[in-house]
Amino acid sequence: MRIVAASALCFLLWQPVQAETLFVACDNGLRCFRAPCPARDVLLLPSNRRLSRTDASLTQLTEAERKRVAEVSGTYYGTIVFAGEIDEGRKPPVAATRIVREATKAEAALCRKRS
């Protein structure tokens, strides 16, 4: 029995862990006449790397969190820091799993900076 328990523990320890990524989502100025429209960018924190024309899925957020995002236009002005997952094989590749905090002025300013 000890061998089975030790084997199970080793298996669990060797599993890759999906780390949470912090990001802000904001409007990139692109306007379209029909969907889908890549009008959002995702800015990874703290690296400030911009994933251009990438929208974040908010479906994993609670109803209250989605309402909060809508009330403050959180994905337009980059005023909310999200935690989420990035998976290049998924559409959209970024999924918000929770709201972490309000963005700092410097983080929100990254949305206005085009690179």
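How many aromatic pairs does a search of the whole structure find? The search finds two. Rings of Phe, Tyr and Trp (its six-membered ring) pair if their centres lie within 6.5 Å; planes under 30 degrees apart count as stacked, over 60 as edge-to-face and the rest as tilted.

## Basis

This is a predicted model, in which local features need pLDDT of at least 70 and side-chain atom pairs count only at pLDDT 80 or more, while totals for chains, interfaces and linings use all residues. Residues are numbered from 1 along each chain as its sequence is written, and side-chain values use heavy atoms, with hydrogens and water left out.

## Phe23 and Phe82

The ring centres of Phe23 and Phe82 are 5.5 Å apart and the planes are at 25 degrees, so this pair is stacked. Because Phe23 lies in strand 1 (residues 21-27) and Phe82 in strand 5 (residues 80-86), the pair ties together parts 59 residues apart in sequence. Strands (E, at least two residues) are DSSP runs, numbered from the N terminus.

Phe23 is buried, with a relative accessible area of 1%; Phe82 is buried at 0%. Buried means under 20% relative accessible area, exposed over 50%, partly exposed in between (1.4 Å probe, protein chains only).

## Tyr76 and Tyr77

Tyr76 and Tyr77 form an edge-to-face pair, 4.6 Å centre to centre with 80 degrees between the planes. Tyr76 is partly exposed at 34% relative accessibility, and Tyr77 is partly exposed at 47%.

## Strand 5

Five of the seven residues of strand 5 are buried, so the strand is largely enclosed by the rest of the structure. Strand 1 and strand 5 run antiparallel, joined by three bridges; two strands pair if DSSP finds at least two bridges between them. Phe82 is the bridge partner of Phe23 in strand 5.

Strand 5 also pairs with strand 6 (residues 94-102), antiparallel, over seven bridges. Glu102 in strand 6 is the bridge partner of Ile80.

Note on methods: Helix = DSSP H or I, 4+ residues; strand = E, 2+ residues; numbered from the N terminus.
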